[in-house]
Amino acid sequence: MRLYTAQAMRDADQKATELGYPGLVLMDTAGRRSAKRLLQHFEGRKTAVLCGRGNNGGDGLVAARWLWAWGREVAVYAAEGQEGDAATARQALLAHGLKIEPLTAWKPETHTVVLDALFGTGLRGPLEGFYAGLVEEVTASGLPVVAVDIPSGLPHKPHIRADLTIALAGLKNEHLFYPHRAACGRILLDSIGMPPRALENPDLPELLCHPAMRPLLPVRTGDAHKGSVGRVLVAGGYRSYTGAPSLAALGAYRAGAGLVTVAYPADCEVQPPQEAVRLPLFDWNVASLHMARAEAVAVGMGAGEGGVEAALAALGLNRPTVLDAEALDLRVLQAYARAGLPTVLTPHPGEASRLLGLPSEQIARFPLEAAQTLARRYPGLVVVLKGGPTVLAFVPSDARSPAPFLAVNGTGNPTMATGGMGDVLAGVIAALMAAGRTAWDAARLGVYLHGLAGDLVAKTGLLAHEVAEALPEAIEGLRLGMVRDFWEPGSD
């Protein structure tokens with residue numbers, strides 16, 4: 001599954017037309033589906049349909065016609081000046097004898113649901129004047145709102161806050177990325193009959209969801225033992241950050257590692273899980289780290305001033321590595337890129353800001369672009385940029401072109417915004433690499449499982465170790481196909 005931009009959907013519409021699939025058929029299906037979903041969730045209410053001039057407004061005009069055909073009470077308010085398929089939809093509505101009022105005539109009425117078909121994904125900038133006031137009035141009315149494709153005004157302010165959003169043909173950036181996602185309410189993903197070939201676009205980010213993640217789960221054979229399912233070395237810790245390596249070790253164990261060794265400065269009071277092997281060190285050196293006999297390494301969690309030294313020592317092990325926290329240093333990234341080891345970076349926006357020399361606000365606002373930039377700067381290293389949602393980017397070191405692999409995670413929630421979550425994630429990814437997964441697959445699956453575990457135990461005051469403890473349930477749920485995505489499929 002891919003995540004679509006406004007331009008990508010326009011390209012898909014054009015490709016569908018080139019394949020011989022009329023745009024008017026797509027509009028009629030979109031409107032009919034929107035009307036049907038509204039009735040499934042708000043049966044018994046009068047519907048006020050608000051339509052703009054473009055194709056989104058055309059979808060709304062079609063929806064109004066179907067609502068009327070099904071005997072529902074409907075009032076239609078539309079802008080003038082529709083063209084093309086939207087103009088045809090307007091004429092079809094008038095042919096049935098329905099009256100179309102100007103948008104200026106709309107006033108909130110009790111026991112009414114609003115169908116928002118004002119603006120879709122093609123907005124060039126924030127709404128102003130009349131339309132800005134209209135979307136604010138709709139939201140302030142307190143009436144339930146069903147948005148066709150996306151709430152009008154997104155991704156800018158002001159915008160409508162919907163109770164239900166019907167995503168047509170595919171999920172868009174606004175459905176995934178906060179704060180826009182919060183304005184969508186419940187999200188239904190509905191097909192409008194778009195030819196599959198029209199939607200194919202390998203340049204778009206992959207949306208991580210259970211059908212693609214399930215086959216990546218490691219499978220244990222009947223004769224498995226602790227040395228055959230993946231041994232992980234966690235290297236980190238500092239006087240002020242003794243919990244970080246312990247959380248990483250817990251994440252690795254709960255993700256399926258057979259044996260975890262925790263290396264940390266001898267003068268630190270690190271308390272690893274009781275199942276872990278302790279490796280206190282007086283200095284970071286390759287010879288001591290070799291004692292762990294690990295298949296993968298997670299380094300940097302809570303390492304403080306020793307993060308760079310620990311990461312460069314771990315490089316000598318020549319093992320797949322997760323670099324986190326204090327290991328995220330330009331010298332370290334350059335060394336790992338030169339070495340060509342399978343490596344995953346797990347920065348948050350603040351750390352990415354330091355690595356890229358850009359404001360953290362810009363990183364948070366444009367995470368996909370930031371992750372791509374970092375991946376291009378260090379080919380061969382997988383970038384996991386943590387956030388809401390987490391995004392991933394990867395440019396193979398032997399790629400003929402710098403076009404990166406991109407992915408956006410579909411799991412996780414705001415209650416996971418608490419200390420230690422990233423430490424757990426580093427351990428999870430390391431465990432999956434130790435089990436034989438490539439860096440790209442381990443990063444995608446690890447991010448997905450980490451977020452899924454957070455969804456299982458979501459609550460205010462959530463702690464990182466609680467997410468780690470929920471990992472086995474998340475893994476088993478994914479293995480058994482008992483996982484629900486945050487969106488819901490439109491069902492007939």
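Over how many bridges do E9 and strand E12 pair, and in which sense?

1. **Pairing of E9 with E12.** This is a predicted model. E9 pairs with strand E12 (residues 296–299) over 4 bridges, in the parallel sense. Within this pairing, Val297 in E12 is the residue opposite Leu233.

2. **Pairing of E9 with E10.** Strand E10 (residues 259–265) is also joined to E9, by 5 bridges. These two strands run parallel. Leu259 in E10 stands opposite Arg231. To get from E9 to E10, the chain passes through helix H9 (residues 243–254).

3. **The open sheet.** Elsewhere, 8 strands form an open sheet with parallel pairing. Their order is E3-E2-E1-E4-E5-E6-E7-E18. The edges are strand E3 (100–102) and strand E18 (488–489). Each has a single partner strand, so one side of each is left without a neighbour in the sheet.

4. Leu168 has Asp190 in E7 as its bridge partner. Helix H2 (residues 23–41) packs on the sheet. H2 touches strand E1 (46–51), strand E4 (112–117), strand E5 (145–148), E6 and E7. The direction of H2 makes about 155 degrees with that of E6.

5. **Helices H11 and H12.** How do H11 and H12 lie relative to each other, parallel or perpendicular? The axes of helix H11 (residues 307–315) and helix H12 (residues 330–339) cross at roughly 10 degrees and come within 10 Å. Angles under 35 degrees count as roughly parallel. The two helices are therefore roughly parallel to each other.

6. **The H11–H12 contact.** H11 contributes Val308, Ala311, Leu312, Ala314 and Leu315. These meet Arg331, Val332, Ala335, Tyr336 and Ala339 in H12. By class, the contact residues are 9 nonpolar, no polar and 1 charged.

Definitions and conventions. Residues numbered from 1 in each chain as written. Predicted model: local features only at pLDDT ≥ 70, side-chain atom pairs only at ≥ 80, totals over all residues. Heavy atoms only, no water. Pairing = 2+ DSSP bridges. Right-handed = clockwise from strand over helix to strand, strands pointing away. Axes fitted to C-alpha atoms, helices over the stretch in contact; angles between N-to-C directions. Parallel < 35°, antiparallel > 145°, perpendicular 65-115°, else oblique. Contact = heavy atoms within 4.5 Å. Nonpolar A, V, L, I, M, F, W, Y, C, P; charged D, E, K, R; others polar.
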